[in-house]
Amino acid sequence: MTDKPLNIKSQLKYRIGILGTDLHYENPISIFRSAREISKNLNLDFYYFSGEPYQVPYAFDKQANILYYLANPQTLDGLILISNIIGSFCSARTFRERCLEFDPLPLVSMGVPVKNIPSVIVDNQTGINEAVSHLIEEHHHTRIVYIHGRPEHFEAAERFKAFRETMKRYGLEHNEDLILQGNFEQHTGTDAVKELLDNKNKKPGKDFSAIVCANDYMAAGVILELQNRGIAVPEEIAVTGFDNVKFSECLLPSLSTVHYPFEALTRQTIDLLLMQIKGEKVPELITVKAPFIPSLSCGCPDSARENSGMPLVPENLKNLVINLDPEFRRKINNEILHSINPTLTLWKNALIRLRKENKWNLITSEDSLSEGFDWSAQMLGKIAFNTFTNANYQNIIYRIGSALSTTLNLKELLTILTTLLPEAQMNKFCLCLYEDPETSGEMLPPKSRLILAYDGKSALKLPADGLVFATKELLPGGIKAEILHNTWVILSLYFNEKQLGFLLLDGSSYFDNLYWNLRNRISGALMGVKLLEETRKSNELLKEANKQKTQFFINVAHETKTPLTLIKNYLSLSRKDHPDDKNLRIIEENIDLLLGNMLNFLDVEKLYKGDTMYNHQSPVDLSQSLGKKCEMFRGFAQKKNINLAFNIEEQVFIQIDPWALDRILNNLLDNGVKYIQKGGKIEITLRQRKGKAFLEIRDNGPGFPESAINHVFEPYFLLSRKKMSKQGMGVGLSIVKKIMDDAGAEIKLEKNKNKGVTFTLIFDSMTAGSEKAVIITGKSHPVSTIENSPLVERNISPKKPSLLIVDDNIQLLAFLQQALEKNYNVFLAGNVEEALFKLKYNLKIDLIISDIMMDDIDGFSFLSEISKIGSSDNIPFIFLSALSGVRERIKGLGLGAIDYIEKPFSLEELQTKIESILSLRQRQEKKDLIQIRKKINALLSTHTENRVELSMQNFESMCRKLGMSNRKLEITQLLLKGYLYKQIASKLNISMRTVEYHIARIYKILNVKNRYELISKFQ
């Protein structure tokens, strides 16, 4: 059937839909514009569903197709599918199956024939036939290159088929080397030229003289690449395209192309759909003609395009408007604002002015009103209008994008849309969000929520949380009746794999590209708002959970204080009866530490909640209070071999709560003495200058890394989490900072140039009332008062099994040594480095017990290091740790530990496990030794092929032939008898290092890797 219009007249208000892709490319835009105009003339409601092709291969793009399910009998009377676009990535069978999903909705396929569905297609074959025939008959080209579109694309296949048939009809030989693959994109045209010239080494003018492209985008790429190589078009190579897109008339030379009849194609499709809706009989297939338009790129004169009704726009007209002065440009813009077809006189005046300024030479006289002058004026007007609208488009996109990018909540986002979208000629719009935010892919959520509806004047009044409706209805019933008519563009809102909702926009806007851009920007803004809202809710939940957790710990601390108080008091009674009992002193010290931690925890929560704990109105003698505190700490520091020096100016008075000052000083001095190594130094200076008291506490300890300086005063901040027992709870310094702030004082922390840090406390000094000043004395004392003297191994006996215990808590080591030394040799190490040294060079250890959380190297790393020591890799290993998580337990056992005991532990349980492990190991060693000796006996009793007995003498002879010394021979014999490395060292009275050296040489001489290969060597 031909493309003669069916002249359907619509009497009823039908709703028709078109399934197409983003209005970002010229083909869907041309169809959309044509359908919009036709629908307006026929009084139709027209909905354009802007999705993506089925089975599109690009990441996340398939998410857009969820809105195709909105095209259903509840929203439409009929549906058009732009099949040559949305079906371009799938097979004909698959596409037909997708079409059947819309049953019983009346359907028409546009661009591709679909079985049992009325279809309107373009006569691609005639268009290509005319183009190729023109090249052959008018320009005498016989060696013609063809650049194919996507192979699976119906129209691409039709165009290629027509090319082959036309060449064959003229009796021209088909050369496969001149057929190149593209995919309709401009860069594939460029790539095809490179393939032709560089890889296939074809010579322009000799091997080929013309190039036919399956569309205009590839033709543009061909022309640009030829021109870049200095190959003239059409003088050396003629080029044709297909589709007649806008830029084809602006190319230099203008492009010869086949005109794709978008308007006629759309009109025929809508007519066919209306016939179906009315129940009339419809033809199965209608074909629309596509005429060839010759122009400069094939070698035809410049007038060829103009005569065809397609005017040519010279390239240099594009920049004319930009070169006009601001006042003249303002007049042009004002004229454009009032008319889409600006007055001819205005453009004639512009051309005359440009000629005067030697910027335009098309005309020869100011008074000339020739046809060429009029035509040029019209073209200038067209380009000026396009330039203006493009500038407006860019301005709108910039304003909307900038506003949305800073949106923090949904209400603000809706306000931006209602303010800025009308400026883009989008007078009506609706925003709907899916009720199920987890839905993704191509499954339409059953429920949606309308959160914004704008009717051209203002936003409709909706409930605060919007209106919930069945998604397939597109909008709630009342809103649909009130707002949903005329032309609409429907967009899917999604972000990566996350479905968000859909947007309905007024389809009458001139800014077609704006729809695609808005979808991306609104989707991004919605996702940002959604994430911010989720983060806010999560923060609120986390805040509430932390509040509950904090309250729980406060309750625990309160409940624990009572039994600890009883323990402390009863312990004090026992201490009076046994003042020299060191064990009782250790217990008392650790109870004080526990009580101090709980007190700090309770107080930091009170302080940061704003509870009043101190009255900072009392005058305090800072000089005497500090002096007494320093004297108290000096003895403690001396036990650790730390030099505590102080220089205190007399008569320095401040106003502060005495208890608060005591806590500040006690905390800072206790931390200083506790963390500074032996031989360190603490310098305390107090001076008064200009109404201020400056207290400096300087040390040469480990200090803080630069990254931690700004965080040490934060609650619960821990510099290192490896060893909690050494760091407390991380609240001490935060309490100091909070007290100082409440007292109106200041505290600073600075790193020293060489080593350590300096705390500087700055108070307002006072003189009035100083005679009543309080001196703090003995309110608190250092937490740690017992000297951690070095531990020495004792009661070592070769008859007892040996244990190596590794922990950086000296008191715990002392306790375990005292508890276990009766039955075992107890060797001690305060860190991993010391333990490794003892293992490698000195000790025969039967069992290792190690903590996990230690400074520098932890217990997990220690166990890994042991495996590298050949003589120690089979020693049983027990973790004894405060870490109680399943993950830590699995990690420890996975590394090879034989057991994992959590602190606090039962001494009886530990003793039982040690005894059991050592007993099991002893039995296993005996069993292994028996097996090894059996193998040696079998070895010594084995006969050679000549049935000659291999005696020990022969064995020794063999070893000597291999160049082994007596020492190596002795060690080899002991290895074969099953002796371990430590046993060999003990038996031969040599060091472990010597044994390791000889065994390594033995294995190398005999070409074996281990003891078992050594035994097999002699079997």
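Predicted model: local features only at pLDDT ≥ 70, side-chain atom pairs only at ≥ 80, totals over all residues.
Local features need pLDDT of at least 70 and side-chain atom pairs pLDDT 80 or more, while totals for chains, interfaces and linings use all residues. Residues are numbered from 1 along each chain as its sequence is written, and side-chain values use heavy atoms, leaving out hydrogens and water.

**View 1. K913 meets D899 in a salt bridge.**
Their closest N and O atoms are 3.1 Å apart (a salt bridge puts a side-chain nitrogen of Lys or Arg within 4 Å of a carboxyl oxygen of Asp or Glu). K913 sits in helix α26 (residues 907-941) and D899 in strand β29 (residues 899-902), so the pair ties together parts 14 residues apart in sequence. Helices (H or I, at least four residues) and strands (E, at least two) are DSSP runs, numbered from the N terminus. D899 counts as buried, at 17% relative accessibility.

**View 2. E909 also forms a salt bridge with K913.**
Here the N to O distance is 3.4 Å. Both residues belong to helix α26, four residues apart, or about one turn.

**View 3. Five strands make an open sheet with mixed pairing.**
The order is β19-β21-β22-β24-β23 (strands pair if DSSP finds at least two bridges between them). β19 (643-648) and β23 (746-751) stand at the edges with a single partner strand each, so one side of each has no neighbour in the sheet. β23 pairs with β24 (residues 757-764) in the antiparallel sense over six bridges.

Technical notes
Buried < 20%, exposed > 50% of the residue type's maximum accessible area, 1.4 Å probe, protein only.
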